Amino acid sequence: MSGARPPILRVEDVSKSFPASRDLLGRVTARLQAVVGASFEVAAGETLGLVGESGSGKSTLGRLVMRLIDADRGRIILDGADITDADRHELRAARRKMQIVFQDPQSSLDPNWIVGDIIAEPLRANGVVKSERHEIVARLLEEVGLEPAHRSRYAYEFSELVVCDEPVSALDVSTQAQVLTLLEQLRDRLGLAYLFIAHDLAVVHHISHRIAVMYLGQIVEIGPADEVYHRPRHPYTEALLSAIPNADPAARRNRIILRGEMPSPVDPPPGCRFQTRCAYAMDVCRTDEPALSSQDGIDVACHLHDQGPTLSGATVVDLAPPISTDLDR
């Protein structure tokens, strides 16, 4: 959880599925389980990184938080107010407190609008009079390091919560570092809360206070960023870390190759959803679904910690030394 700081965002047991197939009469015959029982908090001034493979459900979870799609079950609480079933009027007020940065800005920003108009539009929609919009746009451009001249040729509104969905995935490493630094500066100066969604665990570790790891729609590990990154408790997290390139060729690395493909979210395996690819799977993993339980400050859903040897004790596997990347330097 988020310690003593009050949460800006609280997600409680949220699930979402989509129709996967229908019969000739249009009745749903199978459903894709995109998000299953997700729970977490994000406090003011904090970044929660959400990481997982493509198809893990992390982007769907981001859209659920923004109420761009409706949850089947659970609650979404923003700044103390339950917005799970908020109507259009209530959502309009709530969205003044939260914004989303999509993975592909060209599909979410009108290419025919100049930057000044793109920034001014949400201000107009929220009732800011024209005489004040020019000054606010200029201030926002300065906040993100742009020159006044850029106004006529990237858009931030002052918000409490920003959902960042793969915001740097298409950038080279040096540009990624610049953008991440800017995001950190804005977060610290404005007291923003970030839900930072990405597939790259090294990038997520760089910017996040805490990390949540998703697999096949479920959060399987969540805890302080350094703990998750350097001492993973879940075999899936361990496998993700082993795949990160290391700039030091002399560094020891036990690369873990996951067998097979991620199972279909339409027909997930029984028991632990990771058991079909896990090198440590036990009989109980194939029958009983593990619940998130606390392990020295980290919540992890894995039977290894209550019925077998633990990863953190290095009984099962000799973990490599802490991993460094260019972004960590």
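Trainee: Where is the place of Arg133?

Mentor: Arg133 sits in helix 5, residues 130-143; helices here are DSSP runs of H or I with at least four residues, strands are E runs of at least two, and both are numbered from the N terminus. This is a predicted model, where local features need pLDDT of at least 70, side-chain atom pairs count only at pLDDT 80 or more, and totals for chains, interfaces and linings use all residues. Residues are numbered from 1 along each chain as its sequence is written, and side-chain values use heavy atoms, with hydrogens and water left out.

Trainee: Why does Arg133 count as buried?

Mentor: Buried means under 20% relative accessible area, exposed over 50%, and partly exposed in between, with a 1.4 Å probe and protein chains only. Arg133 has 17% relative accessibility, so it counts as buried.

Trainee: What does the side chain of Arg133 reach?

Mentor: The side chain comes to 2.8 Å from the backbone oxygen of Val128. Leaving aside neighbours within four places in sequence, Arg133 also has contacts (heavy atoms within 4.5 Å) with Ala120, Leu123, Arg124 and Val128.

Trainee: How many bridges join strand 10 to strand 12?

Mentor: Two, and these strands run antiparallel. In strand 12, Asp299 is the bridge partner of Ile222.

Trainee: How do you know that strand 10 is mostly covered?

Mentor: Six of the seven residues in strand 10 (residues 218-224) are buried.

Trainee: Which residues touch the most other members of the largest nonpolar core?

Mentor: Phe196, Leu201, Ile211 and Val213 do, in a core of 41 residues. A nonpolar core is a set of buried Ala, Val, Leu, Ile, Met, Phe, Trp, Tyr and Cys residues joined through side-chain atoms within 4.5 Å. Helix 7 gives the largest share, five residues.

Trainee: Why does this core lie between domain 1 and domain 2?

Mentor: Domain 1 (43-68 + 87-230) and domain 2 (232-329) both give residues to the core, so it lies between them. The domain bounds come from an automatic or database domain assignment.

Trainee: What is Val213 in contact with?

Mentor: Beyond its neighbours within four places in sequence, Val213 has contacts including Val51, Gln218, Val228, Tyr236 and Leu240.

Technical notes. A polar contact is a pair of N or O atoms within 3.5 Å; within protein, one must be able to donate a hydrogen and the other to accept it, and residues adjacent in sequence count only if both atoms are side-chain atoms. Two strands pair if DSSP finds at least two bridges between them.
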